[in-house]
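Here is a short briefing to read alongside the coordinates.

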Amino acid sequence: GTFYIRIARSYFYGGVNETTISQFFNLYPLLIAAAYKIAGNWETAGKMVSVFFGSFAVVLCIFWFAIW
């Protein structure tokens, strides 16, 4: 939740340091920072990324079970 948004803000505003990267590296905050440009709100950007990947997982499962 808020931990990812804090890291995304750090990425977006250029405040990334070695401590942030070495402690925790994940693509989720980078995607939130990218979605912030579209959404204009940090919470909405996080929800957009979550909905996108949740929907992608459902489609992937449907595709997988259709083949199986």
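The buried residues of helix α4 pack against two partners, α1 (2–12) and α3 (27–39). Those buried positions of α4 are Trp-42, Ala-45, Gly-46 and Val-49. Please keep in mind that this is a predicted model.

**Helix α4**

- Helix α4 covers residues 42–67, which makes 26 residues. From first C-alpha to last, α4 reaches 38 Å, close to the 38 Å expected at 1.5 Å a residue.

**Helix α3**

- Helix α3 has 13 residues, and its first and last C-alpha atoms span 18 Å, close to the 18 Å expected at 1.5 Å a residue.
- Buried in α3 are Pro-29, Ile-32, Ala-33, Ala-35 and Tyr-36. The buried residues of α3 pack against α1 and α4.
- At the start of α3, the backbone nitrogen of Tyr-28 has a side-chain oxygen of Asn-26 within 3.3 Å.
- Just after α3 comes Gly-40, with a positive phi of about 80 degrees.

**The nonpolar core**

- Which residues form the largest nonpolar core? There are 11 of them: Ile-5, Ile-7, Ala-8, Tyr-11, Ile-32, Ala-33, Ala-35, Tyr-36, Trp-42, Ala-45 and Val-49. Two or more residues of this core come from each of α1, α3 and α4.
- As background, nonpolar side chains in soluble globular proteins tend to be buried together.
- Leaving aside neighbours within four places in sequence, Ala-8 is in contact with Pro-29, Ile-32, Ala-33 and Trp-42.

**Aromatic rings**

- The chain has nine aromatic pairs, counting rings whose centres lie within 6.5 Å.
- Why is the pair of Tyr-36 and Trp-42 called stacked? Their ring centres are 3.9 Å apart and their planes meet at 5 degrees, so the pair falls under the 30 degrees cut-off for stacking.
- Tyr-36 and Trp-42 are both buried.
- Ring pairs also join Tyr-36 and Trp-42 with Phe-12 and Tyr-13 in a cluster.

- Not counting residues up to four places away in sequence, Ser-10 touches Gly-15 and Val-16.

**The chain as a whole**

- The chain has four helices and zero strands, and from the N terminus on the order of elements is α-α-α-α.
- Of the 68 residues in the chain, 22% are buried.
- Take the contacts between residues at least 6 apart in sequence: 28% of these join residues at least 24 apart.

Notes:
Residues numbered from 1 in each chain as written. Predicted model: local features only at pLDDT ≥ 70, side-chain atom pairs only at ≥ 80, totals over all residues. Heavy atoms only, no water. Buried < 20%, exposed > 50% of the residue type's maximum accessible area, 1.4 Å probe, protein only. Contact = heavy atoms within 4.5 Å. Expected span 1.5 Å × (residues − 1). Core = buried A, V, L, I, M, F, W, Y, C linked by side-chain atoms within 4.5 Å. Phe/Tyr/Trp six-rings, centres within 6.5 Å; stacked < 30°, edge-to-face > 60°. Polar contact = N/O pair within 3.5 Å; in protein donor to acceptor, adjacent residues only side chain to side chain.
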